[in-house]
Each structure stands twice: as structure tokens, then as C-alpha cells.
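Subject: Structure for you to look at

Hi,

Here is the structure I promised to pass on.

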Amino acid sequence: MRDNELHYSTLLQMANDAIITADKDGRITAFNKTAEKMFGWLTQDVLGREIEMLMPERYRRLHGENLKHVTQTHTSVIAGTVREYEALRKNNDEFPISITMSLINIDGNVTFMAIIRDISERKKAEGEKERLETQLRHMQKMEAIGQLTGGIAHDFNNLLTAIIGNATLLQMHVAQDPKLENYLEHIFSISEKAATLTRGLLAFSRKQLINIKPVDLNAIIITVEKLLLRLIGEDVELKTTLDSKEIIIKADAGQMEQVLMNLATNARDAMPNGGYLSITTAMVNLDDAFVKEHNYGKPGQYALLTVSDTGTGISAATLERIFEPFFTTKEIGKGTGMGLSIVYGIIKQHDGYINVYSEIGKGTAFKIYLPVLESRVEVLEPKQVQAPKGGTETILLAEDETEVRQFIRAILEEFGYSVIEAIDGEDAINKFKADKDNIKLLILDVIMPNKIGSEAYESITTINPNIKTLFTSGYNEDIIHKKGVLKEKL
């Protein structure tokens with residue numbers, strides 16, 4: 001072997017990239033060690049064979065056209081250009097490569113040289129990056145939708161409070177008029193539907209007031225099981241498989257029942273010809289590997305609630321939007337699109353996580369992870385509710401929402417109190433200064449313009465440190481304390 005040929009052969013074998021050469025007919029003439037590792041073939045097994053053996057079927061026609069072009073023109077359409085394709089290993093596994101082609105033409109003898117790099121790891125990293133970016137965009141979109149719906153729901157809730165409250169006041173005075181009573185019943189019925197929708201929006205945006213305490217997840221499922229049987233109908237069979245031990249979570253039992261009913265309703269609609277609805281519970285440990293793989297959660301003990309069905313399944317496009325409010329694939333009039341968004345909001349409000357797995361024709365499974373507690377369930381004795389007695393004292397009422405303020409005033413006056421209205425915190429301070437000797441109670445909205453409720457309270461207590469005060473708000477406790485508008489001692 002001549003020195004230059006030996007030098008060429010040594011460089012070929014030392015290269016970190018796969019190097020393959022082929023003649024003008026596309027038959028392999030050189031195949032280095034890296035190519036052997038990459039493709040799984042030994043050099044002696046591929047020499048003289050067509051290079052097409054290293055390509056998936058879909059690329060072979062294009063390769064043939066390029067080869068014909070080269071033999072006719074002695075030029076290559078891809079020479080010196082880095083391209084990305086899929087290649088084929090000996091075991092028929094496809095993998096991504098980047099390839100640089102060079103064309104050597106000496107005295108009419110054409111030789112192809114391909115420098116090939118396995119880019120599987122790069123593609124995997126790019127795919128993971130794209131997945132994380134998509135997940136982040138989805139989370140940001142859901143958060144933005146949550147903020148929007150929460151704001152709308154809060155304002156709408158104030159209007160409903162005034163509507164239902166004034167209708168209640170009217171009902172107290174029309175007991176002898178059946179016709180007016182009928183009209184009022186319609187108002188209450190429609191208002192309740194609107195309130196249900198509002199609660200759904202607040203649940204999705206995680207701004208709904210909830211009563212969280214230690215509860216047994218298994219006990220909740222047992223309690224709601226009979227209701228679920230009526231909900232899903234006779235042609236859907238319900239099967240519950242509960243963990244043998246108590247699963248104590250910190251939750252609002254009513255909200256958890258709502259989650260189960262919403263998921264059961266969706267499952268029923270996905271099984272028009274009947275099927276199976278399964279509800280299971282188990283204790284699981286989310287470790288660092290799980291968190292890294294799924295990109296959510298905190299390591300620790302969780303209750304896993306799985307609700308699955310044998311229904312029609314959900315398409316990939318629908319899965320991307322399945323938890324958005326008002327998104328529905330049902331016919332007009334057969335769904336509000338709020339069922340799963342309510343579930344999503346409730347689970348997030350309980351510091352949990354929810355995933356959905358589905359394929360067309362293969363059913364759907366919702367997996368819900370909720371943090372587990374070590375404490376026992378607290379059993380409380382029911383309290384006796386006393387009827388309001390009323391009084392004649394003067395009350396200073398500060399509320400920036402006109403409709404709500406007028407309704408509260410009407411209620412208080414109905415029970416004999418005198419009411420002084422203030423439209424914001426600053427106005428409340430001025431009204432108190434003007435009539436401080438007569439005012440016996442403050443009712444302050446927590447969040448108001450021109451001094452929030454706590455600021456108005458602090459100013460007023462410099463005048464009368466012993467004034468009794470009641471704070472009100474349409475926001476839940478978390479929102480109030482996150483905004484720093486009400487101190488714990490108040």
C-alpha cells in the first residue's frame with residue numbers, strides 16, 4: 001500500500017464521524033469503524049452493496065434520481081451541503097443524521113464521500129426543549145385565562161348577590177300574592193344557574209371560597225357512589241377499587257364530590273352505547289425521577305385518584321385544550337364547556353396535579369394526584385343556627401360596589417338598623433369622623449379604592465380604638481393575604 005493510501009486509510013478509521021464512500025453506481029467502497037458502530041454493519045458485509053441499504057424506503061427514490069443526475073452531469077446537487085435525514089440501522093431502527101456529501105471526479109471516475117453524524121441526542125434534546133416550551137406556553141395560557149375568568153366571575157358574582165338578595169327581600173313582603181311568588185321563583189331559579197356558572201369560573205381561576213380540612217378520600221367516593229350510579233345510567237357499569245387503608249387528604253369534600261361528578265358526566269357522554277366507568281384510589285410516592293420525567297409535582301406521598309372509562313376516547317387536538325373554560329366538542333345546548341375546567345381549577349386549588357391519557361377508540365383515564373396528610377379526620381358536631389334578631393344601632397357600611405352596598409343596606413334596614421353608606425376607604429374615614437358618637441359598628445369591604453379596608457380601620461381606630469368591625473370580601477382568604485390587604489390579627 002502506498003504511503004498516501006495508508007495515510008488516507010488511517011485518517012478514515014480515526015474519524016469520529018461515520019465516513020462512507022461509494023462509486024458512481026452507488027455501491028459502497030469504504031466504510032470506517034465509526035460507520036460500523038453507527039449502523040451496526042461490519043465493513044466486509046457492506047462493501048460492494050448499494051448504499052440504499054442504509055436508507056429508509058422513502059428516501060430511496062430521491063437517491064436514485066440524484067445518482068442518475070450525477071452520472072449524467074458529473075455534478076452533485078447536494079455536494080458540500082449539510083442535510084438532515086433519517087438513516088437505517090442493521091436492525092431496521094431509524095435514527096436522525098446530519099450528512100455532508102462530497103463529490104470526487106478524477107478523469108471521469110466519480111466517487112461519493114459522505115460524512116455522517118448521529119444527531120439522536122441533539123434531536124432528543126430539541127424535542128424535550130420543545131415539549132417544555134409547549135408546556136410552559138400552555139401553563140401561561142391557562143394562567144392568563146384563569147385571571148380573566150376570575151375577574152369576570154368576581155364582578156358577576158357581585159351582581160348576582162344584589163339580584164338574589166333583593167329578590168329575597170321582596171319575597172319577605174309578597175307571601176300573600178301567589179303570582180308574584182311565581183315570578184320570584186323564576187328569578188331564584190335563573191339566578192342559581194348563573195351562580196353555578198360563576199362558581200365554575202371561580203373554581204377554574206382558583207378564587208372560589210373553599211372549606212379545606214382533613215378528609216378521607218375513600219369515604220368521599222363511597223358517599224357519592226349512589227349519586228354517580230344515578231348520573232351515569234343503567235348501561236354504564238361503575239366499578240370502584242379503593243385502597244385498603246384510609247387516604248387522608250386536606251380538601252373540601254364538596255369540591256371533591258364535584259370533581260367526581262364532572263368526570264363521571266364526561267365519561268357517560270363518551271359511552272353512548274354503554275361501557276365501564278372505573279374509580280380507583282392508591283397511595284403513591286412521587287420521587288425526583290417522576291418529577292423530572294413529567295415536569296410537574298413536588299416529591300412526596302400523594303393520593304392517586306384515577307377515573308377511567310371505555311368510551312370513544314379523545315383526539316390529540318382536543319387534549320391540548322381539554323381544560324380550557326367554554327371549550328366543548330358537544331353539540332350546541334348540550335354542554336357549557338365548564339365541566340373539566342372546574343375539575344382543573346379545583347385540583348390546582350388543592351395543590352394537586354391532573355393528567356389525562358386517551359386515544360381514539362381506547363377510552364380515557366384521568367389521573368389526579370393530591371398531597372397526603374398524616375392527621376386524622378376531624379369530626380365536628382353540627383352547630384345550631386340562630387335566627388337574626390335585628391337592632392336599632394347605627395352602622396357605617398363601606399363598599400365600593402353600588403349594587404352590593406345598596407343590597408346590604410336594605411338587609412340591615414329591614415332588621416331595624418340605621419345605615420350610613422361610604423363608597424370607599426377614604427369616604428368611610430370622613431363619614432366616621434362626622435358621626436363618630438353614633439356609629440357602633442363598621443362593615444368594611446377588604447379591597448376598596450382610596451384606602452383599603454384595613455387602612456380605613458387603622459385610621460378609624462385612632463379615633464375610637466374600641467369600635468367593633470366586620471370585614472367582608474368577595475375574594476377568598478388566600479387572595480386577601482397574598483395581596484397583603486388584611487393582617488392576621490384583624
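This is a predicted model: local features need pLDDT of at least 70, side-chain atom pairs count only at pLDDT 80 or more; totals for chains, interfaces and linings use all residues.

**Around F366**

F366 is buried, because its relative accessible area is 6% and the cut-off for buried is under 20%. Leaving aside neighbours within four places in sequence, F366 is in contact with L263, L305, T306, V307, I322, F323, L340, I354, N355 and V356. One of these, V307, is 59 residues away along the chain, yet the C-alpha atoms of F366 and V307 are separated by 5.2 Å. Another, V356, stands opposite F366.

That last pairing takes us to β11. Six bridges join β11 to β12 (residues 364-371), and the two strands run antiparallel. Further along, Y353 stands opposite Y369 in β12. The two strands form a hairpin with five residues between them, and in this hairpin G361 takes a positive phi near 80 degrees. β11 is mostly covered, with five of its six residues buried.

**The mixed sheet**

β11 and β12 sit in an open sheet of five strands, ordered β7-β9-β10-β12-β11, with mixed pairing. At the edges are β7 (236-241) and β11 (353-358), each of which pairs on one side only. On average, neighbouring strands here are turned by 15 degrees against each other, direction ignored. Helix α7 (residues 217-232) lies across β7, β9 (275-286) and β10 (300-309), and runs at about 175 degrees to β7.

**The parallel sheet**

There is also an open sheet of four strands, in the order β14-β13-β15-β16, and here the pairing is parallel. β14 (418-422) and β16 (468-472) are the edge strands; each has a single partner, so one side of each is left without a neighbour in the sheet. From one strand to the next, the twist averages 20 degrees.

Five bridges join β13 (residues 394-398) to β15 (residues 439-445) in parallel, with L396 standing opposite L442. β13 also pairs with β14 in the parallel sense, again over five bridges, and there the bridge partner of I395 is V419.

Is β13 mostly covered or mostly open? Mostly covered: five of its five residues are buried. Both faces are involved, with T394, L396 and A398 buried on one side and I395 and L397 buried on the other.

**Helices on the parallel sheet**

Helix α12 (residues 402-414) lies across β13, β14 and β15, running at about 165 degrees to β14. Helix α13 (residues 425-434) lies across β13, β14 and β15 too, at about 135 degrees to β14.

Which residues of α13 are buried? They are G425, D427, A428, I429 and F432. An α-helix has 3.6 residues a turn, so residues three or four places apart point the same way. What covers the buried residues of α13 includes β13, β14, β15 and α14 (453-461). At its N-terminal end, α13 is capped by D424: a side-chain oxygen of D424 lies 3.2 Å from the backbone nitrogen of E426.

**The cores**

The largest nonpolar core has 39 residues, and those with the most contacts inside it are I249, M256 and L277. Not counting residues up to four places away in sequence, I249 touches K213, P214, V215, L217, M256, A303, L370, P371 and L373. A second, separate core has 24 residues, including M38, M53, Y59 and F95. In soluble globular proteins, nonpolar side chains tend to be buried together.

**The whole protein**

Finally, some overall numbers. The protein has 15 helices and 16 strands. Of its 490 residues, 39% are buried. Among contacts with a separation of 6 or more, 65% come from residues 24 or more positions apart. The protein exposes about 28400 Å², and carbon and sulfur atoms supply 52% of that.

Cheers

Notes:
Residues are numbered from 1 along each chain as its sequence is written. Side-chain values use heavy atoms; hydrogens and water are left out. Two strands pair if DSSP finds at least two bridges between them. Axes are lines fitted to C-alpha atoms, for helices over the stretch in contact, and angles run from 0 to 180 degrees between N-to-C directions. Contact means heavy atoms within 4.5 Å. A nonpolar core is a set of buried Ala, Val, Leu, Ile, Met, Phe, Trp, Tyr and Cys residues joined through side-chain atoms within 4.5 Å. Buried means under 20% relative accessible area, exposed over 50%, partly exposed in between (1.4 Å probe, protein chains only). A polar contact is a pair of N or O atoms within 3.5 Å; within protein, one must be able to donate a hydrogen and the other to accept it, and residues adjacent in sequence count only if both atoms are side-chain atoms. Accessible areas come from the Shrake-Rupley method with a 1.4 Å probe; for residues, only the protein chains shown count as cover.
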